[in-house]
Amino acid sequence: ARVVYSEDQTLSSPHLTDPVQTNALSDFTARIRVFGLKPNTRYYYSVDFGGKRVLAPPYPSFVTAPEEKWKGRVAFGSCARLPGQNIFSAVRALDPSLVLMLGDAHYGNASELDSLRAYYRTSRREAPLVELLANTPTWAIWDDHDFVGNDLDGNAPGKSKALQAFREYWANPFAGSGDMPGIWFSFKWGDVEFFMLDGRYWRNVHPGSMLGPEQRRWLWSALAASSATFKVIASGSVWNDGKPIDSWHEFPEERRGLFDHIAREHVTGVVFISGDLHHSELWQWKAEMPYPVFEFVASPWANPPHPCEGDPKGRTACYDGSDSFGTFDVDTTVEPPVIIGAIRDDKGRVVAERKLTLSDLGGRDAKRKRSLGANDRYED
């Protein structure tokens, strides 16, 4: 297999990647790296198998990341269980620059590799999702149902099989750090940086920790070093206290440590996103940070919505009328930079939103950058 790509929509005078051999050991999936792409440029592509082109015109296309300031849209969400999944057509119609999958991309609830692979293959037969993935840069993390099973943590048997299947079917830039397995990573799109967390593989392996020492060190250090205007921290599990189990509510010390670190290092521009709940929410609450915690919860892509119940302190909006997802409209070309977070229904219509400027998120104060020292809190 190899990728054929060009800036021309007819693929005239195309570039060719080196061929990659597929085999049953990786469920006939392949990771193909395409080098030398220009920033903020649309590329059209096809795929060749054994010298035969398998995609016909009009060819799918994607736009590469800008180098610096950026105006565009991010779509995000979680929980895709039911067939049909027409919501992904509504997502594509909004023309997002990128998509973040926040877990439960399938509901395999399995620890056997063959079963996990079968669920990924089934999800890739959903035509609206296929069209979105083919034309939109996409990154993913997992939650419990595409990990090993409902509410399970890092002590669950079979987690290494879940990790293998996840890596086969998602083309994230990297996963984990060094020799430490996991799916966490970060990437930049213009001057926005996304920190994609693994809330399962190491959860409760070290009691009281969702992230584990290695991922925690990585996140603390990466946030302190980031020069991005906005920093989006993504978790499959919700950050707020509205859900008392299988959430960050169960890890208050580690969560407080993250907020403390953001305050201590003067990290500005942080917003939080999550999924899991089968309804979508907006949150704002005061924590140990110098500015409020703003959280956008987006769920489900395709699953029966759960009703919004109660009136928990800090929740400013909740939507349970249909399947739903979230978007960020980002503009860092203006002063102050702005990010508008929205909940959208299954047709893509805005049902709730919150506009934030960089001033709402700590302003433009100079940020002290340094590497974590041995005596830093939570540096196990």
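Me: Which strands each supply at least two residues of the lining of the largest cavity?
Reply: This is a predicted model. In it, β13 (280–285) and β14 (293–297) each supply at least two residues of that lining. The largest share, three residues, comes from β13.

Me: Which residues line the largest cavity?
Reply: They are Leu282, Trp283, Gln284, Phe294, Phe296, Thr316 and Arg354. Sort them by class. Four are nonpolar, two are polar and one is charged.

Me: How much space lies in the largest cavity?
Reply: About 30 Å³. The count of cavities of 30 Å³ or more comes to one.

Me: What is the volume of the largest pocket?
Reply: A pocket is open, whereas a probe cannot get out of a cavity. Here the largest pocket has a volume of about 2,200 Å³. It is lined by 47 residues, and the closest to its centre are Ala30, Ile32, Tyr45, Leu133 and Ala171.

Me: Which element gives the largest share of the lining of the largest pocket?
Reply: Helix α3 (127–135) does. It gives five residues. Other elements that each supply at least two include β1 (2–6), β3 (42–49), α4 (159–169) and β9. By class, the lining has 31 nonpolar, seven polar and nine charged residues.

Me: Now strands. Which way do the residues of strand β8 point?
Reply: Start with the general idea. Side chains in a regular strand alternate between the two faces of the sheet. Now take β8, residues 138–141. Thr138 and Ala140 point one way, and Trp139 and Ile141 point the other way.

Me: Are those four residues of β8 buried or exposed?
Reply: All are buried.

Me: In which sense do β7 and β8 pair?
Reply: Strand β7 (residues 98–102) pairs with β8 in the parallel sense, over four bridges. Find leucine 102 in the structure. It stands opposite isoleucine 141 in β8.

Me: On to helices. What span should the 13 residues of helix α5 have?
Reply: Count 1.5 Å a residue, using one less than the number of residues. Helix α5 covers residues 213–225, so it should span 18 Å. Its end C-alpha atoms are 18 Å apart, which agrees.

Me: Which residues of α5 are buried?
Reply: Pro213, Gln215, Arg216, Trp218, Leu219, Trp220, Ala222, Leu223 and Ala224. These buried residues pack against β9 (185–189), β10 (192–196), β11 (230–234) and α6 (252–264).

Me: Where does threonine 64 lie, in terms of β5 and β6?
Reply: Threonine 64 lies in the loop between β5 (61–63) and β6 (71–77).

Me: Why is threonine 64 called buried?
Reply: The cut-off for buried is under 20% relative accessible area. Threonine 64 has 12%, so it counts as buried. Leaving aside neighbours within four places in sequence, threonine 64 is in contact with Leu37, Lys38, Pro39, Asn40, Thr41, Tyr43 and Trp189. Look also at threonine 136, which is 72 residues away along the chain.

Me: Is lysine 71 buried or exposed?
Reply: The cut-off for exposed is over 50%. Lysine 71 has 64% relative accessibility, so it counts as exposed. Its place is in strand β6. Not counting residues up to four places away in sequence, lysine 71 touches Val330, Asp331 and Thr333.

Me: Backbone next. What is phi of aspartate 95?
Reply: First, the general idea. Most residues other than glycine have a negative phi, and most peptide bonds are trans. Aspartate 95 has a positive phi, near 55°. It is found in the loop between α1 (87–93) and β7. Aspartate 95 is exposed, with a relative accessible area of 58%.

Me: What is phi of asparagine 204?
Reply: It is about 65°, a positive value, although asparagine 204 is not a glycine. Its place is in the loop between β10 and α5. With a relative accessible area of 29%, asparagine 204 is partly exposed.

Me: Where is proline 300, and what is its peptide bond from serine 299?
Reply: Proline 300 is found in the loop between β14 and β15 (315–319). The bond from serine 299 is cis, with omega near 0°.

Me: Which kind of peptide bond joins glutamate 335 and proline 336?
Reply: A cis bond, with omega about 0°. Proline 336 has its place in the loop between β16 (324–331) and β17 (338–345).

Note on methods: Residues numbered from 1 in each chain as written. Predicted model: local features only at pLDDT ≥ 70, side-chain atom pairs only at ≥ 80, totals over all residues. Heavy atoms only, no water. Buried < 20%, exposed > 50% of the residue type's maximum accessible area, 1.4 Å probe, protein only. Pairing = 2+ DSSP bridges. Contact = heavy atoms within 4.5 Å. 1 Å grid on protein atoms, 1.4 Å probe; cavity = no way out; pocket = protein on both sides within 12 Å on 5 of 7 lines; lining within 4 Å. Points joined across faces, edges and corners; volume = space filled by probe spheres on them. Nonpolar A, V, L, I, M, F, W, Y, C, P; charged D, E, K, R; others polar.
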